[in-house]
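Have the sequence and the model open while reading.

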Amino acid sequence: MIYSTHKIVPDDLCDVTLKALDIVIPMEGYIGNALSDKAFRQSKVRWLRDNEYWHDLTMFIQVAGSTIGLQYWGYEDLVLEPLQLATYEEGDFYDWHLDSPPEGPRRLSLTLQLSDKTEYEGGDLEFKEYTLNAEAYEKGSITMFDSSHKHRISPIMRGVRHSLVGWFR
């Protein structure tokens, strides 16, 4: 199952999140245990740990994800890992992958759209058996799915895509 909601996160919280672009040092996106493979993934990421600056954001994502996880998957006591702000520029992508094998440890993945779809071309969050509706790409929209569901970010053709990614154990 894939859950998508339209503009659940207020613009001001999205904008505060984007301030991390100026204050958190970016690093190359990696795969699994710090493996870097430019043929498989090309992006920049910033890790946003729960602290004074990111606490409201972390709590919002924890509550939203826990509520959705309980309502749609029946998961109780979900624990949020540190959040990842992902930036995809022209030519960047992330090939087909799982966020976790079916046996875990991650149970659910969450993507918060921080850029409006008009700001870039390509860069779609894609699933093998499901197509997201256009509203899923509007700023403030959340998509949640089982972490063992195969997905990718298609190559960016123009512009820049920012999203916040979280995983629940």
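A residue counts as buried when its relative accessible area is under 20%, as exposed when that area is over 50%, and as partly exposed in between, using a 1.4 Å probe and protein chains only. This is a predicted model, in which local features need pLDDT of at least 70 and side-chain atom pairs count only at pLDDT 80 or more, while totals for chains, interfaces and linings use all residues. Residues are numbered from 1 along each chain as its sequence is written, and side-chain values use heavy atoms, with hydrogens and water left out.

**Helix α3**

Helices (H or I, at least four residues) and strands (E, at least two) are DSSP runs, numbered from the N terminus. Helix α3 covers residues 55–73, 19 residues in total. From its first C-alpha to its last, α3 reaches 26 Å, close to the 27 Å expected at 1.5 Å a residue; the expected span is 1.5 Å times one less than the number of residues. Among the buried residues of α3 are Leu57, Ile61, Ile68 and Trp73. Gly65 and Gly69 are also buried.

**Salt bridges**

A salt bridge is a side-chain nitrogen of Lys or Arg within 4 Å of a carboxyl oxygen of Asp or Glu. The structure holds eight of them.

| Pair | N to O distance |
|---|---|
| Lys139 and Asp15 | 2.5 Å |
| Glu81 and Arg106 | 3.0 Å |
| Arg158 and Glu121 | 3.1 Å |

Lys139 and Asp15 meet through their side chains. This pair links distant parts of the chain, 124 residues apart: Lys139 is in the loop between β9 (125–127) and β10 (142–146), and Asp15 is in helix α1 (residues 11–18). Lys139 counts as buried at 16% relative accessibility, whereas Asp15 is partly exposed at 38%.

Glu81 forms a salt bridge with Arg106. Their positions are 25 residues apart, with Glu81 in the loop between α3 and β5 (83–88) and Arg106 in the loop between β6 (93–97) and β7 (108–113). Both Glu81 and Arg106 are buried.

Arg158 forms a salt bridge with Glu121. Arg158 lies in strand β12 (residues 156–159) and Glu121 in strand β8 (residues 120–122), so the pair ties together parts that are 37 residues apart in sequence. Arg158 is partly exposed at 36% relative accessibility, and Glu121 is partly exposed at 42%.
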